[in-house]
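Please consult the sequence and the structure while reading.

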Amino acid sequence: PSSSSSSSSDRIHVLTEIIADYTKAHGSCQRDIYANEGAKLRTVMLDKKAEYLKLLKSYIDYKKLTHKFARGQAQAEALAAKYDEESKPGVVLKGKAKKERVQVGSVISAYSSLLRELNGLERFAEEQKDNDERERLEARRKCYRAIRLFYKATSFELNRKFLEAFALFDRSTEVAKEASAAAAPLNEKEHSGFSRLETLISLLPAKRLRAKALVLQAKHATEKGLSKGMASMDISDKKKKTEAPLLDRLDTFESTEDKNLSNFPESFQAAPGKALFFDVAYHELSFDSLSKRLEAEKQKSGGLLSSLGLW
């Protein structure tokens, strides 16, 4: 591991120097383009030079992007390899090695940066309408996405977020299969990223099963703890006094015990039953007309005055 680590750091150092040289070349080319555009008298030679400088600048940009991507790839793979080595069962780090231990968050950040570097290469392939290069870059994107998802799931597992870890392990398995299928016809299997992907594909089934088991275990523990809490819960008001409050018994007062001045809020009382049937039946029942009865009563009450028409 130490020799591979040193070779990776040397490669990263060399790529950084190359990127710095391309950055200087890009600045020099850009200054020449500005000088050419600022010329007052345009000639055929100046126009040809302008076209040449634009092509040169595009080439420099592309080479700079490829080297930045290669550096990001070397950094991500070095961090991932070191993290995997330090996370093996039985490995105990002490002293300086423990302080310099690679965290899983650093691996995730490295692959996130690598995916951002890939965006520039994809834009360049899109501008050049290079379909083969686009397919190759798309396969690499899926590869690095699957690896990043794997370490993201590992991070959730370390933080005891087992449900999120299981979901990401499951998603990583799907993306890894897509990446492997996309790389097969492009001869990308020899790429270093895909060699790591194949290793992760062999680990993912066990990781998924472990995460699922931890989810079920955490769920069982939560339900068991909740059932115990419900069993021990006491909803009765033991502190409630059976005696009347002070305002209802002003003749007796205990200075050390009487703290309940009144019942507030008022306790609930059952409302008396109401004959709901009659309220409803009132709107449904029909009554006979009493006009005939009124006429009969009128005739019975008629006397001398009523016969004479004076009443």
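Predicted model: local features only at pLDDT ≥ 70, side-chain atom pairs only at ≥ 80, totals over all residues.

## The second largest pocket

The second largest pocket holds about 430 Å³ of space.

Helix 7 provides the largest share, with six residues.

## Helix 6

Helix 6 covers residues 162–183, a run of 22 residues.

Which residues of helix 6 are buried? They are Phe 162, Ala 165, Leu 168, Phe 169, Ser 172, Thr 173, Val 175, Ala 176, Ala 179, Ser 180 and Ala 183. An α-helix has 3.6 residues a turn, so residues three or four places apart point the same way.

Ser 172 is part of helix 6. Is this residue, Ser 172, buried or exposed? Ser 172 counts as buried because its relative accessibility is 2%, and the cut-off for burial is under 20%.

When neighbours within four places in sequence are set aside, the contacts of Ser 172 are Ala 146, Leu 149, Phe 150 and Leu 204.

Phe 124 lies in helix 4. With a relative accessibility of 16%, Phe 124 also falls in the buried class, since that class takes in values under 20%.

Beyond its neighbours within four places in sequence, Phe 124 is in contact with Ser 58 and Tyr 62. Along the sequence, Phe 124 and Ser 58 are separated by 66 residues, whereas their C-alpha atoms are 9.1 Å apart in space.

## Two loop residues with positive phi

Lys 129 is located in the loop between helix 4 (104–128) and helix 5. Its phi is near 55°, a positive value in a residue other than glycine. Lys 129 has a relative accessible area of 69% and is therefore exposed, the cut-off for that class being over 50%.

Arg 160 occupies the loop between helix 5 and helix 6. For Arg 160, phi is near 60°, which is again positive in a residue other than glycine. The relative accessibility of Arg 160 is 64%, so this residue counts as exposed.

## The chain as a whole

How many helices and strands does the protein chain contain? There are ten helices and zero strands. Read from the N terminus, the order of elements is α-α-α-α-α-α-α-α-α-α.

The chain has 311 residues, of which 26% are buried. Of the contacts between residues at least 6 apart in sequence, 65% join residues at least 24 apart. The contact of Phe 124 with Ser 58 links two residues 66 apart in sequence. The accessible surface of the chain amounts to about 23,000 Å², and carbon and sulfur atoms account for 56% of that surface.

Methods
Residues numbered from 1 in each chain as written. Heavy atoms only, no water. Helix = DSSP H or I, 4+ residues; strand = E, 2+ residues; numbered from the N terminus. Expected span 1.5 Å × (residues − 1). Buried < 20%, exposed > 50% of the residue type's maximum accessible area, 1.4 Å probe, protein only. 1 Å grid on protein atoms, 1.4 Å probe; cavity = no way out; pocket = protein on both sides within 12 Å on 5 of 7 lines; lining within 4 Å. Points joined across faces, edges and corners; volume = space filled by probe spheres on them. Contact = heavy atoms within 4.5 Å. Areas by Shrake-Rupley, 256 points an atom, 1.4 Å probe, with all protein chains shown as cover.
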